[in-house]
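Here is a short report for a reader new to this structure.

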Amino acid sequence: MRIEVVADSTGGTDVSIIIQNAVNQLTNGGTLFFPRGKYRVGRTVSIKNKNISLFCDGDVEFIGPGAFVLDSDISPPSPVSLIEYSGTSITTPLIIAAGDYVEIAGTIVHPNYTVTRYSTLRFVARVVSVQGEVLTLDRQIQYQLTNVTISKILLPYRANISEGFHFAQTNLVINRCIGGDFHLICSGTRGPNGSGVSINSTIDFRLYAKATDLRAMFGISMNDCNNFFIRFMCTRVGLSDGSGTRAFRGNGLQSGKIDASFTSSLAGDMTVYGGRNLQIEIQSIGNGKYYRDNRIISGNRSEAVHFSECDQLDVTAYMDHVDDQALEFLNVVGATVYPKRIATLDNSSEGAIVIKEASSNINIYDAVIRCYNDYGIKIECFRRANNISIHNLDLVNLKSGKAGVHIRDSVVEYDVKLRLLGGYIQASMPVVINPLHNDIHIKGLTLATTAFHAVQSQGDYLIVDSLIALGCNDTIVRAIISSGPNDQISNVVSNGAIYVRDGSRLSFNLRRYTHNRVSRIFLDQDASFSIYTEKGSYKTIGSPTNHVWERGWILEEQNPSAGGKIGRVCVSSGTFYPSSSWAANTAYSIPPYPQATYINANGSVYRCISAGISGTVAPSHTSGISIDGTVAWEYVGPFGIPIFKAFGAIDS
């Protein structure tokens, strides 16, 4: 059935009632046809419980403050006694038949973090089979839910909107639709809480949209949708005062593909809360530039694209002329990210890419970043963050005095586990690692510093292998600052030094600093002793009088002379650290750096790394850390003074 809307097409009079009457005449599955023209819609047109197609033969523009609202009735909610996470089964007493569509509602919970951004989900699916009270759905519920209820969609409908419709001022709302293709253009003003188009609890659809010069909280808003494809272009979308607006906002989205293009978004491009299994490609230019041009400082303009409390994302981004942050991941678990091009405006703040809080299992590949931010990539985790990897990074931070990759960790019991694998970083401070339990692996990188040390680490676990550090020197701009007792630094090439300090110096063992070609290994608080490695061998001036040494280490003489020796070899392992005998039930403390508390027991020397009272059995481990009562002891080396013997006479 096809009904043509016969109404004023000049936009001069409100034709809402005429359109509503035409809708009411349609049977299920009918087509509502609009001749080309401009139609004023001053009130809500309700299209409910029926399949419908909106069709036109040319450009049709809707103006006026009204809305088109598509929806379906649902039954009252019934309780759910059991729901399968990442499964397709649900147990409920509600009478449902195979082929019915249902809406499942519940509170989202997550094992890694507290859900705060979007906590209540509505999930639509089709029932494929029923056995007693157990329903099998046609799609997975990729959320852990509590307080779950289920409703039957009483008259499910499909909808199609053909090309040519332009919603200028007039809203479009699509609720509980079970499939269709939507083509539309949005523009005009929607007010502080409005959207150009809002799609909610809708599945199995495709959206093709353009939003241009749209003044609204969100250009496109989607909530609780799954199994969809959307492609849209947003140009100059947002509220003029910022107010936290985004050109696109998605909440509770699952199993969808988003192809998005943004130009000159006023405040932000995209925010996704509570997404699962999404594939997203972003092209953006000029986000936030509006503020600079208009000198507006209010509103939230700090993130162009923001993902929060999402799982399993695949993100590709091309972003130019971005003000402040380009990409932010907050409490994201599982993401593969391809930042093919990120370029920010001069004097941006924060990071071009930011990873925060409990984010984990994030892999960044082939990033090309040219930025003017405080950080090129900032990892700022207040909860445990595992398995963050950055591969083949090409990063240049042009902001003076700022960092390339900065790892922050504000709570001692939480770890940041990061792998930097291959690539190039140029910045005033290429890599900065804050204190506490950060576990950082760096391999195959070239770092070019323009002001400060190439790697500044205050963490307790740094592994470096195959690194080139450019722009360094022996005394001021070091190649690496090593502070952790577990640090392992090898195959570093630089004109600068490796500077060993803090916990690393207090348990220094040359075994953790091998095959380096640097100016020297310099030990803090031991200025009279350095290990020179610029030619790949280990050289010192005189015999060592501090630290741990193992039998077989060969130290050549840095300043050989006639009649002297080529070098010296360690013939008996031991440590120079002064230690006292371990005692049971004794309080042990940690004095201010650079002092330390050492004890000896069972032929080994240990350093106190956590104060407390010893137990009744002396430590005996020969690697790592062991707990004795309430004291934590780190193994340093064998007890006894190491013995060096000179070798290789030089003719006088």
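In what order do the 4 strands of the open sheet run? The order is E44-E46-E47-E56, and the pairing is mixed. Two strands pair if DSSP finds at least two bridges between them. Strand E44 (539–540) and strand E56 (643–649) are the edge strands, each pairing on one side only. E44 pairs with strand E46 (residues 554–557) in the parallel sense, over 2 bridges. Thr 540 has Glu 557 in E46 as its bridge partner.

This is a predicted model: local features need pLDDT of at least 70, side-chain atom pairs count only at pLDDT 80 or more, and totals for chains, interfaces and linings use all residues. Residues are numbered from 1 along each chain as its sequence is written, and side-chain values use heavy atoms, leaving out hydrogens and water.

The protein has 3 helices and 56 strands. Both are DSSP runs numbered from the N terminus: helices (H or I) have at least four residues, strands (E) at least two.

Next, the rings. The structure holds 24 aromatic pairs. Rings of Phe, Tyr and Trp (its six-membered ring) pair if their centres lie within 6.5 Å; planes under 30 degrees apart count as stacked, over 60 as edge-to-face and the rest as tilted.

| Pair | Centre distance | Plane angle | Class |
|---|---|---|---|
| Phe 62 and Phe 167 | 5.2 Å | 45 degrees | tilted |
| Tyr 577 and Tyr 598 | 4.6 Å | 10 degrees | stacked |

Phe 62 lies in strand E7 (residues 60–63) and Phe 167 in strand E17 (residues 165–168), so this pair ties together parts that are 105 residues apart in sequence. Buried means under 20% relative accessible area, exposed over 50%, partly exposed in between (1.4 Å probe, protein chains only). Phe 62 is buried at 1%, and Phe 167 is buried at 0%.

Tyr 577 lies in the loop between strand E48 (574–575) and strand E49 (580–581), and Tyr 598 in strand E51 (residues 598–601), so the pair ties together parts that are 21 residues apart in sequence. Tyr 577 is buried at 6%; Tyr 598 is buried at 8%.

Ring pairs also link Phe 34, Tyr 39, Phe 62, Phe 68, Phe 165 and Phe 167 into a cluster.

Last, the whole protein. Its C-alpha atoms fill a box of roughly 115 × 60 × 35 Å along the principal axes. Of its 652 residues, 56% are buried.
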